[in-house]
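Thanks for coming. I will keep this short, and then we can look at the model together.

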Amino acid sequence: MATLSVGQVAPAFSLRGADGTDFELNQHGARLTLAVFFKTTCPTCVLAFPYFEKMHQTLYDAGLVVWGISQNDRARSVEFARRYGSTFPILIDDAWRVSNEFDPEFVPTAFLIDRAGKIVERVVAFDKAGLNRVAHSVATTLSVAVPVIAPDKDGNPPFRPG
């Protein structure tokens, strides 16, 4: 199986959140969902997580839903989210049921999915240009100002492989 690409339809899925809530893709008519696949032991995920949090904080009110999809158990996932200040939902995929369908080659990998279930953007690893591209796409789709999620000179590299 190959990693899903831009233009493909994302598999419908539901997962339980770390808080016990059930989440289903495009529930409640979400305009855009950013599904971020990660592992708690991944140093690149640690680097990227504050940027996903910034995207969540900046664009949630406009209609973006960010979900962290953890490939680890609930306890590790909750601790990771707490340690790195995540306020967006963390969904548990420790059996890799959803991960196997999306088949991300590396973590983190983020898929931006529209209301119709189509993948409109994808970011692999830690990629500042990719993060800003996703933010631009979200802002354009939702008719809001385009935020800079990953500034050039914030002390982090422009790219780090996952």
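First, the ground rules. This is a predicted model, in which local features need pLDDT of at least 70 and side-chain atom pairs count only at pLDDT 80 or more, while totals for chains, interfaces and linings use all residues. Residues are numbered from 1 along each chain as its sequence is written, and side-chain values use heavy atoms, with hydrogens and water left out.

Helices (H or I, at least four residues) and strands (E, at least two) are DSSP runs, numbered from the N terminus. Two strands pair if DSSP finds at least two bridges between them.

Five strands form an open sheet in the order 5-4-3-6-7, with mixed pairing. Strand 5 (90-92) and strand 7 are at the edges with a single partner strand each, so one side of each has no neighbour in the sheet. From one strand to the next, the twist averages 20°. Angles here run from 0 to 180 degrees between N-to-C directions, with axes fitted as lines to C-alpha atoms, for helices over the stretch in contact. Strands 3 and 4 pair in the parallel sense over seven bridges, and Ala35 stands opposite Trp67 in strand 4.

Helix 1 packs on this sheet, touching strands 3, 4, 5 and 6, and its direction makes about 165° with that of strand 3. Contact means heavy atoms within 4.5 Å.

Next, the core. A nonpolar core is a set of buried Ala, Val, Leu, Ile, Met, Phe, Trp, Tyr and Cys residues joined through side-chain atoms within 4.5 Å. Buried means under 20% relative accessible area, exposed over 50%, and partly exposed in between (1.4 Å probe, protein chains only). The largest such core has 51 residues, and Phe13, Leu34, Phe52, Leu64 and Phe102 touch the most other members. Helix 1 (residues 43-59) gives the largest share of this core, eight residues. Leaving aside residues up to four places away in sequence, the contacts of Leu64 include Leu34, Met55 and Val138.

Last, helix 4. Which residues of helix 4 are buried? They are Lys128, Gly130, Leu131, Val134, Ala135, Ser137, Val138, Ala139 and Leu142. What covers them includes strand 3 (32-38), helix 1 and strand 4 (64-70). Ser137 counts as buried because its relative accessibility is 15%. Just after helix 4, Ser143 takes a positive phi of about 55°.
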